[in-house]
Amino acid sequence: MKNSLFAISLFGLPLAAATGSRAIAAETATAPKTETEQTQTLLQAFYTDYCTFVAKGPDSAAEQKLRDCLTPEAQRKVTKVRTEQFYDPIIRAQDFNTNAVATISVTHVDGAWYAVAYLDRYNNRCVIIPVKATVENGALQITDIAIQ
């Protein structure tokens, strides 16, 4: 009798756990995104688009993307770095390899700060860009970018 109770509980626990985890997964899938998750998703989309534009060469689409997503203060900071130091602080480089677009990732760090990372295929190193961003009325607003 003890053996049969043990066997039933042994086989019943994984089934109960699996059923419970499916319920939690279903809840998570339908739950609305937090502000942090939304910002992270929009920042990932911004960097993917921007880097794709930069990789294709000089294009006004990249500049329009900056005007749409950077606050005026952040735009001034980017312009100053570009003219004085001759690199793009958005990507911490002068150009971008199309193959590196697939390696872009965004991680929440603290508060409104995120770490955007990608594999620099030219130098075979990971580039990490600290970016401060929020979402206002559903639109991404990059408010600051740490300069090297």
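Predicted model: local features only at pLDDT ≥ 70, side-chain atom pairs only at ≥ 80, totals over all residues.
Strands S3 and S4 form a hairpin with two residues between them, and Asn 137 in the turn has a positive phi of about 55°. Read from the N terminus on, the elements run α-α-α-α-β-β-β-β.

**Strands and hairpins**

- Strands S3 and S4 run antiparallel and are joined by six bridges; within this pairing, Thr 134 stands opposite Gln 141 in S4.
- Strands S2 and S3 also run antiparallel, with eight bridges joining them, and Ala 117 has Ile 128 in S3 as its bridge partner.
- S2 and S3 form a hairpin as well, with four residues between the two strands, and in its turn Asn 124 has a positive phi of about 50°.

**Helix H2**

- The 22 residues of H2 should span 32 Å at 1.5 Å a residue, and the C-alpha atoms at the ends of the helix are 32 Å apart, which agrees with that expectation.
- The buried residues of H2 are Thr 39, Leu 43, Phe 46, Tyr 47, Tyr 50, Cys 51 and Val 54.
- Seen down the axis of H2, these buried residues fall within an arc of 120°, so they line one face of the helix.
- An α-helix has 3.6 residues a turn, so residues three or four places apart point the same way.
- The partners against which the buried residues of H2 pack include both helices and strands, namely H3, H4, S1 (105-110), S2, S3 and S4.
- Just after H2 ends, Gly 57 takes a positive phi of about 115°.

**The largest nonpolar core**

- The largest nonpolar core has 30 residues, and those with the most contacts inside it are Leu 43, Phe 46, Tyr 47 and Ile 90.
- At least two residues of this core come from each of the helices H2 (35-56), H3 (60-69) and H4 (72-85), and likewise from each of the strands S2 (113-120), S3 (125-136) and S4 (139-145).
- H2 gives the most to this core, with six residues.
- Which residues does Ile 90 touch, not counting residues up to four places away in sequence? They are Phe 46, Tyr 47, Tyr 50, Leu 66, Leu 70, Val 78, Ile 129 and Ile 145.

**Thr 71, a residue between two helices**

- Thr 71 has its place in the loop between H3 and H4.
- Is Thr 71 buried or exposed? Thr 71 is buried, because its relative accessible area is 10% and buried means under 20%.
- Leaving aside neighbours within four places in sequence, Thr 71 is in contact with Gln 141, Ile 142 and Thr 143.
- Thr 71 and Leu 140 are 69 residues apart along the chain, while their C-alpha atoms are separated by 9.8 Å.

**The chain as a whole**

- The protein chain has 148 residues, of which 29% count as buried.
- Among the contacts in the protein chain with a separation of 6 or more, 51% are accounted for by residues 24 or more positions apart.
- The protein chain exposes about 9300 Å², and carbon and sulfur atoms supply 58% of this area.

Note on methods. Residues numbered from 1 in each chain as written. Heavy atoms only, no water. Core = buried A, V, L, I, M, F, W, Y, C linked by side-chain atoms within 4.5 Å. Buried < 20%, exposed > 50% of the residue type's maximum accessible area, 1.4 Å probe, protein only. Contact = heavy atoms within 4.5 Å. Pairing = 2+ DSSP bridges. Expected span 1.5 Å × (residues − 1). Arc of directions from axis to C-beta. Areas by Shrake-Rupley, 256 points an atom, 1.4 Å probe, with all protein chains shown as cover.
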